[in-house]
Amino acid sequence: MIAKKVFYENKQLEHERLELTDKGTLYFLGRNLTLKNCTLVLKVAASNLFIRDVRFTDCIFEVKQELKNHQQWIRASLKGCRFKGRLSGCDFGHWPEYGKEPEYQLGSIEDCDFSEARLDGCRFMGCDPQTLRFPKWPCFTFLDPIGRAPELRRGKWPGMFGSVVVDELHDQPPSTVALTKYAPAVAKKLETTPEKLRAVIEQFDCIVY
């Protein structure tokens, strides 16, 4: 079956509600698209959602189905936006080395609020994390994970968390300024518990929880 395609491009939308929820549709946001004070309802897989050269200002993203491994946020400018719902393996911000296309040079994020979202394995690139609101526990966020990696490796991490996560922080892309994990999912994979993780997390001022 040939998928239906819906394009939003070359326009400015304000105070609109976009429902991107049809699993048989490919949604293309961009090029040269500006959305201001809009609400976007997302209920499709990452493979159905294409973002390039979009400016989102003061928008709300309601993620109704977990959005997994969606790197195309780095092809958009996000300012003053709020995210709700579950996102895993997603990247945000300025990461021009990711691709040669011009839209990779445009990515940015500032003044955005993830406090109502559940993030796991999400990275923030080339931005000022002090302008962002990260989700609270059971999510936790490493700030400056590469720079603080030596200090973090000295912690007595439970289970396999130290060898799998902390020992690999220095291998993150150079522009990584923050990395958010979801404790219950990480603990289950790495043979520990959220409570044991938190006991160590509380010892570090470079982790937001």
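# Pocket, sheet and cores

Biologist: Which element gives the most to the lining of the largest pocket?
Modeller: Helix H3 does, with 3 residues. Bear in mind that this is a predicted model.

Biologist: What volume does the largest pocket have?
Modeller: About 280 Å³.

Biologist: And which lining residues are closest to its centre?
Modeller: Gly89, Asp120, Gly121, Lys181 and Lys189. The lining has 17 residues in total. Two elements each give two or more of them: strand S17 (176-182) and helix H3 (183-189).

Biologist: How does the lining divide into nonpolar, polar and charged?
Modeller: There are 6 nonpolar, 6 polar and 5 charged residues.

Biologist: Back to S17. What is the strand order in its sheet?
Modeller: The order is S12-S15-S17-S16-S18. The sheet is open, with 5 strands and mixed pairing. Its edge strands are S12 (91-93) and S18 (207-208), and each pairs on one side only.

Biologist: What holds strands together in general?
Modeller: Backbone hydrogen bonds pair the strands of a sheet, either parallel or antiparallel.

Biologist: Where does serine 175 lie?
Modeller: In the loop between helix H2 (161-164) and S17.

Biologist: Is serine 175 buried or exposed?
Modeller: Buried. Its relative accessibility is 18%, and the cut-off for buried is under 20%. Leaving out residues up to four places away in sequence, serine 175 touches His94, Trp95, Glu97, Phe124, Met125 and Gly126.

Biologist: New topic. How many residues are in the largest nonpolar core?
Modeller: It has 43. Phe56, Trp73, Leu87 and Phe124 have the most contacts inside it.

Biologist: What does tryptophan 73 touch?
Modeller: Not counting residues up to four places away in sequence, its contacts include Leu42, Phe56, Leu87 and Cys90. There is also a second, separate core of 20 residues. Leu152, Val166, Val200 and Ile207 are among them.

Biologist: Last one: valine 41. Where is it found?
Modeller: In strand S6, residues 39-42.

Biologist: Why does valine 41 count as buried?
Modeller: Because its relative accessibility is 5%, and buried means under 20%. Beyond residues up to four places away in sequence, valine 41 touches Arg17, Leu18, Glu19, Leu20, Thr21, Glu62 and Lys64.

Biologist: What separates valine 41 from arginine 52?
Modeller: They are 11 residues apart along the chain, and their C-alpha atoms are separated by 18 Å.

Definitions and conventions. Residues numbered from 1 in each chain as written. Predicted model: local features only at pLDDT ≥ 70, side-chain atom pairs only at ≥ 80, totals over all residues. Heavy atoms only, no water. 1 Å grid on protein atoms, 1.4 Å probe; cavity = no way out; pocket = protein on both sides within 12 Å on 5 of 7 lines; lining within 4 Å. Points joined across faces, edges and corners; volume = space filled by probe spheres on them. Helix = DSSP H or I, 4+ residues; strand = E, 2+ residues; numbered from the N terminus. Nonpolar A, V, L, I, M, F, W, Y, C, P; charged D, E, K, R; others polar. Buried < 20%, exposed > 50% of the residue type's maximum accessible area, 1.4 Å probe, protein only. Contact = heavy atoms within 4.5 Å. Pairing = 2+ DSSP bridges. Core = buried A, V, L, I, M, F, W, Y, C linked by side-chain atoms within 4.5 Å.
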